[in-house]
Amino acid sequence: MNKITYTILMIVSLFLVAGCSMDLPTQLEFESYEYASLDENGGDLQPILMSKGLDIFVEEPNGVNSPEFLEEVEQVKRQISSASEDQKRNVLQWTNNPVVRWNEIALELIAKYNLIPGPNPDGSYTLPNPASPDGPPPFPFAHPPYASRALAYLSVAQYDGLISAWYYKFQYNRPAPYQIDEEIPHAYVEQPIPAYPSSGAVVARASREVLTAMFPLEAAYLAAQEEKHLEALLLSGENVPSDVEAGLKIGNEIASKALERASSDGMKYAQTSKAVSDSIANAAFERFGWKWVNLESPQRPVGLTPLFGKVKMWNVPSVESTRPPVPPVPGTPAYEEDVRILLDYAANVTPERRRIANFWQDGLGTYTPPGHWNDFAIRDIVKNKLNPLRAARVMAFLNMAMMDAGISCWDAKYYYHYPRPIQLIEGFETIAGTPNFPAYTSGHSVFSASGAEVLAHFFPEKASQFRAWAEEAAISRVYGGIHWTFDATVGTTQGINVAQYSIDRAKTDGID
Amino acid sequence: MARTTLFLGLTLSSLTCWAQSPLDELMMPKNDICILFNYEYGQFDQYWEGDFLRENQTIATVQRRTAMLMAAYGINDRLDVYLGLPYVSTNSTIPNGGKFAGASGLQDISIGLKYKALEKSLGAGKLSAFGSLLFSTPASNYLSDYQPYSLGLGTPQLAWRGIGHFETEKGLYSRLALAYTWRGYTEAEREYYYNEGSYFTPWMDVPSSWNMDFTLGKWWMEKSLRVEVSISSQVSTSGDDIRAYNAPQPTNQVNFSRLGGFAHYYFQKVKGLGVLGYYQQVISGKNAPKMGAFGLGVTYQFGL
């Protein structure tokens, strides 16, 4: 061995030491924090699925001096003192804002199930079937419309449930066990919020029930997550079992209201037969002289959820009121200019355009564009130290607006049935995957613009950042080669319009 | 006069490892340099999704072309250093259902060392043993998270290899190379991915692997020609499976076995000049393309 060898070996070894230990985050890292507000009157907020928070009845708890309550306090004290290290870690893991953690569970399941069914050996396609979720293919295919809807029901159920919980908390004012007995350690930051009913239990049960309906094959996983969360509530020193029981009651009732709406919102008819799909395409062809066709091999007979545009909206009275104008007719100068732009982008994939196309792709196997905006939202919720009620409120309006955005976008997609660039430009190639639905308007644009508007409303100091992101998400699809520029620009306007209905509702719900 | 080959064993598409390795038994004389220019063409129309061998008309047949320049230098009679730089281009055949653009550009620059640790007579032949190290790292900003068209895995790699070689006086030989290939992280251009759970980061952990090559060969024509057959395999130590009808990603566990044939001819009349050719076919795998590839190269060796 000589000097050169030795030097190279040293460099290599140093690199190994430095490179081996990268920490790859699997969740948002944060600890229990002091809430920016307590919202003692939060129980008076206007819920989404019922008329008032007190529509769900929660009986008065045993008093702080009752033997029943004191026995409960003793019980959790014993449990805490004998908690294992794993259990203590679990308490810290859930933090004092479990809205974030349950949202992360939803994002994980979306990414897990966002897989498009492949063809059968004979070239046919089998679609996921909720009646036999095991498949193959497994149910659901958690595509962006499906994801937006799952997130909307999740967040609305959490929000309404927490309004009820807040109402009774400040109605009954029963303290937490750590406030009763000084020897009970409190795992989280101390703040004067009554413990009965447990807001954590509301979130746990509402989330578990909604997500189990949306992802039926994950029932056991979700039950296990709920069990861990409920254990954390008791071992944190914040709740006794009767707090948790009352929270679970709220969670059950609000979840069933949410799922009742979901069962009749029209989603079950969104994926149509080939006959219906063909008639929708032909109607567009009669109207405009063009129709989108799927170019996959083997060809998919039906586009993705042709009737998602007919699903019941949350805050927009009629989907037609948000339908954009007719896109440029192929062959006209406006259209030819777009072809020129797309060919230019395809021929000049700059590092920046490639980065933008990939950053916002949120394609198959990921948490989808609505998931990306949920990811943004929870970071700002934690950064702004929102309490769970405020957090759920942001998420509910965000996800209602994005589901409405998806419905409006899908209405346009199948009304106009506008072809993708690969269909109209001979030999065109893309750096993003072309989805199985018409081009106009871009889903990314509409989802993102609506999400950005809602977040701009709740976090106004960051409004310009959110809007810049939404515009980048929109143009990313053009850089990817799968959308026309007018899909993106018109889609952005459409998303802004749709979001306004949710923002108007948020302005009058009684808290700001 | 000692002769040198440079043979880059594993140019098996981005789906598998990229480990150009000085994995043979030949040493350069001190202060000799050998230059290799190699062209490789590989293609596959089937791949293993987990253990399931499938076709996918979205990508049709994926083609991969690699032009490689490599140099070896004898620091002394027991120690060689290697440098390599490949240019790769990929695409799908037309027609295909995905309409994806291919990729092209410089892949990974590599630097390697090979040390001759042992040489002794054993019965009717000669036994030798070597240790080699091969480090590589991306030479351009290619995107590893664009499979199956990615040029490479986009991560630093370090292969620690031990080589044992036994050769009879008649020029028949067998060789076994065992390597542990450490791979680091690759940076995607997205901040979320799924790897049996959520990851909120652009960084992906690329699995390390054990790599084995077993070779049988013979010298012919007064040591002007060597011909080899080999079997190679890779077993990754971690990683997830390609998900159903989904694109691969750098976190996948890539395993494979591959058969290969190789010949290198040294011109008697033109001192230092050689040509080589090889063919390789993957025969089994996991999360790997069923790639078949051939390569042609020219070597030129000279003293300083």
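At what angle do helix H4 and helix H7 of chain A pack, and how far apart are their axes? Let's start there, keeping in mind that this is a predicted model. Helix H4 covers residues 98-113 of chain A and helix H7 covers residues 199-214 of chain A; their packing angle is about 15°, and their axes lie 9 Å apart. Angles under 35 degrees count as roughly parallel, so H4(A) and H7(A) are roughly parallel to each other. The crossing of H4(A) past H7(A) is right-handed.

If you want to find this contact on screen, look on H4(A) for A:Pro98, A:Val99, A:Trp102, A:Ile105, A:Ala106 and A:Leu109. Their partners on H7(A) are A:Gly200, A:Val203, A:Ala204, A:Ser207 and A:Leu211. Sorted by class, the contact between H4(A) and H7(A) has 9 nonpolar and 2 polar residues, with no charged residues.

Now follow chain A along to A:Ile511, in the segment after helix H18 (485-507). Is A:Ile511 buried, exposed or partly exposed? With 17 other C-beta atoms within 10 Å, A:Ile511 is partly exposed. Leaving aside residues up to four places away in sequence, A:Ile511 touches A:Asp39, A:Gly42 and A:Leu45. A:Asp39 is 472 residues from A:Ile511 along the chain, yet their C-alpha atoms are separated by 8.3 Å.

Finally, turn to where the two chains meet: 37 residues of chain B are in contact with 45 residues of chain A. On the chain B side, the elements giving two or more residues are strand S8 (125-138), strand S12 (193-194), strand S13 (198-199) and strand S14 (203-205). By class, this side of chain B has 21 nonpolar, 11 polar and 5 charged residues.

Methods:
Residues numbered from 1 in each chain as written. Chains lettered and ligands numbered in written order. Predicted model: local features only at pLDDT ≥ 70, side-chain atom pairs only at ≥ 80, totals over all residues. Helix = DSSP H or I, 4+ residues; strand = E, 2+ residues; numbered from the N terminus. Buried ≥ 20, exposed ≤ 12 C-beta atoms within 10 Å, placed from the backbone. Contact = placed C-beta atoms within 7 Å. Axes fitted to C-alpha atoms, helices over the stretch in contact; angles between N-to-C directions. Parallel < 35°, antiparallel > 145°, perpendicular 65-115°, else oblique. Left-handed = near helix turned anticlockwise from the far one by under 90°. Nonpolar A, V, L, I, M, F, W, Y, C, P; charged D, E, K, R; others polar.
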